[in-house]
Each structure stands twice: as C-alpha cells, then as structure tokens.
Amino acid sequence: MEAYNVSAPLNFTLPPNFGKRPTDLALSVILVAMLLIMMLSLGCTMEFSKIKAHFWKPKGLAIALVAQYGIMPLTAFTLGKVFRLNNIEALAILICGCSPGGNLSNVFSLAVKGDMNLSIVMTTCSTFFALGMMPLLLYVYSRGIYEGDLKNKVPYGGIVLSLVLILIPCTIGIFINTKRPQYVRYVIKGGMIITLLLSVAVTVLSVINVGKSIMFVMTPHLWATSSLMPFIGFLLGYILSTLFRLSAQCSRTVSMETGCQNIQLCSTILNVTFPPEVIGPLFFFPLLYMICQLGEGCFLIAIFRCYEKMKPSKDKTKMIYTAATTEETITAALGNGTHKEECFPGTASLRPSGLDSEGQCGQLQSRKMKKTPVVSESF
C-alpha cells in the first residue's frame, strides 16, 4: 500500500467569527443543558447494587474497554489505509477513532433495552481511561502521518468536564430512584420530552452556524469512511461480547458503546491542533461522523424493535407449552387408568391420617372431585 499523500494548505475559511457568535454560545449552552437533563433521566434507571456488581465482576466492562480502545482506533487507521487518505484526512479520522464513547450510546442502549447500569459505567470508565489511552493511541497510530506531538494536544480539561457532566446528574438520578422512586416515571418522561425539544433546537442552530461549509467535507471517500466506522464498531462490539458469552442485553449495550464516539473531544483536538487554513473542511468531519452514527444507530434500533414485535413473548410460549403438557397428562391418565383414588368410603387403609369417619372422607373426596371434574367422571 502506498504511503499517504502530503497535504498542502487548503483554500478554505470558516464562517466569519465562527465560535464567537451569539448562535454559537446558544448552541454550547443548549448542548450542556441537554446533556445534564439526559444523564439525569438515565440515572433514574440505575441502581447502586447493579453498578457495584459490574465492578465486582468486570467482565462486561473489560470487554467494552477492549472494544472501545482496540477496535475503533484500529478501524480508523485501517480505513485510512484502504481509502488512501491524505495525511490530514487520515489524522482527522484517527482522532475520532481514538476518542472515548459518547453519551449518545446511553440513549441508544436505552432504546434497545440494554443494561443501563453497564452503559453508564462503560461511558464513565472509557472517558476516565481516555486521560491515558488517547495520548498513547495517538502516539502509536499517528507515527508517519503527523510529525508533531499529538499527545500534548489531548484536551484533558474537556475530558474531566465530560466526566463531571456524566457523574453529577447520574448520581442525582440514582438518588431519586433510591429515595423517591414515585417520581422516577415523571423525571424520565419529562427529561426525554425536553431532550427531544432541545435536539430540534440544536439541529436548527447547527444548520445556522455551519451553513454550507459542511458540504466541503461530503466527499465520497469521507462519506464512506464515516459510514463504515460506526457500523464496524456496532458490529464488532456485538460479536466480541457474544464470543465472550455476555448476555444479549449486555451485548447490545457493548455494541452501542463501541460504535458511538465522543464527537466533542474530537472537534476540540482538531481545533487546537490545526489552523483552519491547514485542516480546511475536515474541521467538520466529526459532525459528518455524528450524522452517520446517529442514522445507523436509529436504523439498528428500528430493526430491534421490529424483531421484538415479531418474536413471540416468553410468557405466551410458556403458557402454550404448559397448557399442552397438562392436556397430554390428563389424556394419558384417563387412557391408562393409572389414576389412584386417595379415599374410598369404608376403606380405612386408604384414608389419610386424621379422617376417622366416612363423613370426613366423603368431604375430602367431594373437594377433590370439584378440583378435577374430568377425572371424577371415570368412577
């Protein structure tokens, strides 16, 4: 495979005062508020005992971390090789692949009926481990692509802020679920409605802020890369967890966590590392990746929901099986004449202990006949 092409500075400029306009400030505030409300709602679905169980038996957590920091960086590096991307393009994709799991995975896990305790623990731990794993992975994979020192560009303050925005609202949600469970339903429902409304506002403001600039990044090879990365993450995350015999619920959770990346951290690194005239439209690559992972995640959720509706429920299957077994047993008993009468009037040897009179024995026989009218017809 040929080496990467060297990128020349691009004739590209961001919109005037990009990042300092009132709409940019409004977008940042709404994103933080939406994240806090969303994590508060998700925290209401968690329990301290189940969180503790995932730390005492960290099999699922370990598999998730291996998938997050093993599959995604390698996938990003490989796609850069396969599509023969230039240095800047390959680096933008690599930074996205080395980022920790994003909060969107928590919403997806809830939608596919995953283990929410595992999902939040995974997001928290992957973000915490990013303090060490991102510099290491960027150093290993960027050699030959970028001559500078990327490990010093990791936004440690942004990572810590992400941890705070996850842990504080989730802790409050867990407290509500433990101490005031009667309010949980209202908090979750209200939180999801507010999140949906804020998502519409975020979409509108993003279109206003970015405008036509994102069209520069929508080239065929970048579309293909940003589409394949989350899909491979979803697929390999599920396969890996299945191979290690995690439950279906936990496997779906690991899948969602692996495919979803923290786009905010990726954008921050690109903004800090490269000036706009060097990185050009690739500044908007994280936004393109977010569009792809959102669309593919919603598609997988729709498939899962359709499968749930077509699959017969376990209770219904168990009821049919139990009814069939009972009918076969009664039929066999009538055909073979194997039914034993527990008590006959006047037969002392078959009387249960404590029945000294034929009247008491008759009452017992009468009660038994009422319970099994079909069997009593043979006498």
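Biologist: Of the 379 residues of the protein, what percentage counts as buried?
Modeller: This is a predicted model, where local features need pLDDT of at least 70, side-chain atom pairs count only at pLDDT 80 or more, and totals for chains, interfaces and linings use all residues. Residues are numbered from 1 along each chain as its sequence is written, and side-chain values use heavy atoms, leaving out hydrogens and water. Buried means under 20% relative accessible area, exposed over 50%, and partly exposed in between (1.4 Å probe, protein chains only). Of the 379 residues, the buried share is 41%.

Biologist: How many helices and how many strands does the protein have?
Modeller: Both are DSSP runs numbered from the N terminus: helices are H or I, at least four residues, and strands are E, at least two. The counts are 16 helices and zero strands.

Biologist: Among contacts between residues at least 6 apart in sequence, what percentage joins residues at least 24 apart?
Modeller: A contact needs heavy atoms within 4.5 Å. Taking pairs at least 6 apart in sequence, the share joining residues at least 24 apart is 84%.

Biologist: Is S105 buried or exposed?
Modeller: S105 sits in helix α5. Leaving out residues up to four places away in sequence, S105 touches S119, T123, M256, E257 and C260. Its relative accessible area is 0%, so S105 is buried.

Biologist: How many salt bridges are there?
Modeller: The rule asks for a side-chain nitrogen of Lys or Arg within 4 Å of a carboxyl oxygen of Asp or Glu. E47 and K50 meet it, with their closest N and O atoms 3.9 Å apart. E308 and K113 meet it as well, at 3.5 Å from N to O. The count is two.

Biologist: How many residues apart are E308 and K113?
Modeller: E308 belongs to helix α13 (residues 285-310), while K113 is in the loop between α5 (104-111) and α6 (116-141). E308 is partly exposed at 25% relative accessibility, and K113 is partly exposed at 40%. The pair links distant parts of the chain, with a separation of 195 residues.

Biologist: What is the area of the nonpolar surface patch that includes F231?
Modeller: Patches use residues with over 30% relative accessible area and no salt bridge, joining like charges within 9 Å and nonpolar side chains (Val, Leu, Ile, Met, Phe, Trp, Tyr) within 5 Å. Areas come from the Shrake-Rupley method with a 1.4 Å probe, and for residues only the protein chains shown count as cover. F231, in helix α9 (residues 220-243), is partly exposed at 44%. With L228, L235, L236, I239, L243 and F244, it makes a patch of about 640 Å².

Biologist: Which helix supplies the largest share of the lining of the second largest pocket?
Modeller: On a 1 Å grid over the protein atoms alone, where a 1.4 Å probe fits, a pocket is an open set of points with protein on both sides within 12 Å along at least five of seven lines; lining residues have an atom within 4 Å of a point. Of the 15 lining residues, Y238, R252, S255, L300 and F304 lie nearest the centre. α9, α10 (248-259) and α13 each supply at least two lining residues. The largest share, five residues, comes from α13.

Biologist: What separates the C-alpha atoms of R180 and C44?
Modeller: R180 lies in the loop between α7 (156-179) and α8 (184-210). R180 is partly exposed, at 45% relative accessible area. R180 and C44 are 136 residues apart along the chain, and their C-alpha separation is 10.0 Å.
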